[in-house]
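Hi,

As promised, I am handing over the structure we talked about. Please have a look at it first, and then read on for what turned up.

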Amino acid sequence: MTTPFSWDAESLVDLYREVRAHTEALASPLSPEDQTVQSMPDVSPTKWHRAHVTWFFETFVLADHEPGFSPFQDKYWFLFNSYYEAVGPRYARERRGVISRPGANDVGVYRANVDDRMHDLVTSLDGGSLDKLAPTIELGFHHEQQHQELLLMDIKHVLSCNPLQPAYAGVPSEPCEPDDLGWADVEGGLVEIGHDGSGFGFDNELPRHQVWLEPYRLADRLVTNAEWLRFMEDGGYARHEFWLSDGWARINAEEWRAPFYWQELDGVWFEHTLNGTWPVNPGLPVSHVSFYEAEAFASWAGKRLPSEAEWEHAVTNGPAAEATTTTGPADPATYHPRPAGPATGGLRQIHGDCWEWTSSAYHAYPGFHPADGAIGEYNGKFMSNQMVLRGGCVLTPTGHTRSTYRNFFPHASRWALSGVRLADGGAPATTGPAGDAR
Ligand SMILES: [Fe+2]
């Protein structure tokens, strides 16, 4: 991970407290029972997230640097290791929900213990030792922020499985209609993408490198629910010509006929959100659609998905970059994507509404090297069978995302807060019956 910034102990302690407190604030509306449920294998219980991010600091910071280290509980190393082979065996991911002990309150005790030990360690280090350790602690901040976002995505699914349809928090946006879709033209050419080494970046954002882009354009806002309803009404989920073969097989095997959290009741489509279950709001971005669905929608619209290089270049250096809006993230009012707002001449909804599917497979940038040791498992080993998403979403903690950030999920993932931005020009667009979303 890259971060040439020099930390002092006070700044590290302050940020540590801030990040850790935010996790507890997100968990505070949830009962111990809420925090224990695992509603599907992709979802982890809230209390597991709270414990795992604590395990991360204990394993990657305290274990090697705390004088006289011994783990808070031996078995916690087994329970709260996520996927680090080099650290040792771990409890099966899909069975995290059957663990009733430690309970949510016990996890709080674990967190407080590690917090005290982290404080003692950081404030006892000399300058040279602090400089060496600070990048790993900073990685722990960003790791915990990733789990803050996951905690919200996961509890959304947990609560969606309850017939009482409970809300997590927040209030819905007022019903609204989408405005006209605009386009931002980008010249292309030989451009650079990737992290430039200033400030924090994950290893998968490196190294910065050159990419050739044909001229292209990006939609100035995300695809809306109203446009997605037109896709559905035009047989979008029933016409094979829009779908990749794998996607067509998947939607038929699992009978997908609408976005993940939509359900039809008496002819009206409703959507489950963190702020409750409401009639689908036409002007909001469509969310919780898979890569397969995003790609099929683009095909139906006679457009395509942007590549990750197109997305990053347009946001950082394109002619529309100065007017590009960052509506969020982490809106405490809705916990749900919001309307695009007035046209700006640039790109709207870039960093704060939905993670945006790209046409780019998640793989290593030229010259990529994972870090040495167990921490090298953080990103690199997942570089197969996944697609890159860019931007950020309304659940992403403030300050966590950036224009070079590469999120990634498998093609069929729908529980993540993902949406769609269309592209056109440059690489050949998929041809198909044109919808109205253009
Ligand atoms: Fe993790």
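Which residue lies over the face of W183? In this predicted model, that residue is R217, at 4.5 Å from the ring centre. A charge is found over a ring at W256 too: the charged end of R414 sits 3.9 Å from the centre of that ring.

On to the aromatic rings. Searching the whole structure gives 39 aromatic pairs. One of them joins F72 and Y76, whose ring centres are 5.8 Å apart. As for accessibility, F72 is partly exposed, with a relative accessible area of 25%, whereas Y76 is buried at 9%.

Helix 2, which covers residues 46-65, packs with helix 5 at an angle of about 170°, and their axes are 9 Å apart. The two helices are therefore roughly antiparallel. Where helix 2 contacts helix 5, the residues comprise 13 nonpolar, eight polar and two charged ones.

E174 is exposed, with a relative accessible area of 64%. In sequence, E174 and R338 are 164 residues apart, yet their C-alpha atoms are 9.5 Å apart in space.

Best wishes

Conventions
Residues are numbered from 1 along each chain as its sequence is written. This is a predicted model: local features need pLDDT of at least 70, side-chain atom pairs count only at pLDDT 80 or more; totals for chains, interfaces and linings use all residues. Side-chain values use heavy atoms; hydrogens and water are left out. Rings of Phe, Tyr and Trp (its six-membered ring) pair if their centres lie within 6.5 Å; planes under 30 degrees apart count as stacked, over 60 as edge-to-face and the rest as tilted. Buried means under 20% relative accessible area, exposed over 50%, partly exposed in between (1.4 Å probe, protein chains only). A charge sits over a ring if NZ of Lys or CZ of Arg is within 6 Å of the ring centre and within 35 degrees of the ring normal. Axes are lines fitted to C-alpha atoms, for helices over the stretch in contact, and angles run from 0 to 180 degrees between N-to-C directions. Helices (H or I, at least four residues) and strands (E, at least two) are DSSP runs, numbered from the N terminus. Angles under 35 degrees count as roughly parallel, over 145 as roughly antiparallel, 65 to 115 as roughly perpendicular and the rest as oblique. Ala, Val, Leu, Ile, Met, Phe, Trp, Tyr, Cys and Pro count as nonpolar, Asp, Glu, Lys and Arg as charged, and the others, Gly among them, as polar.
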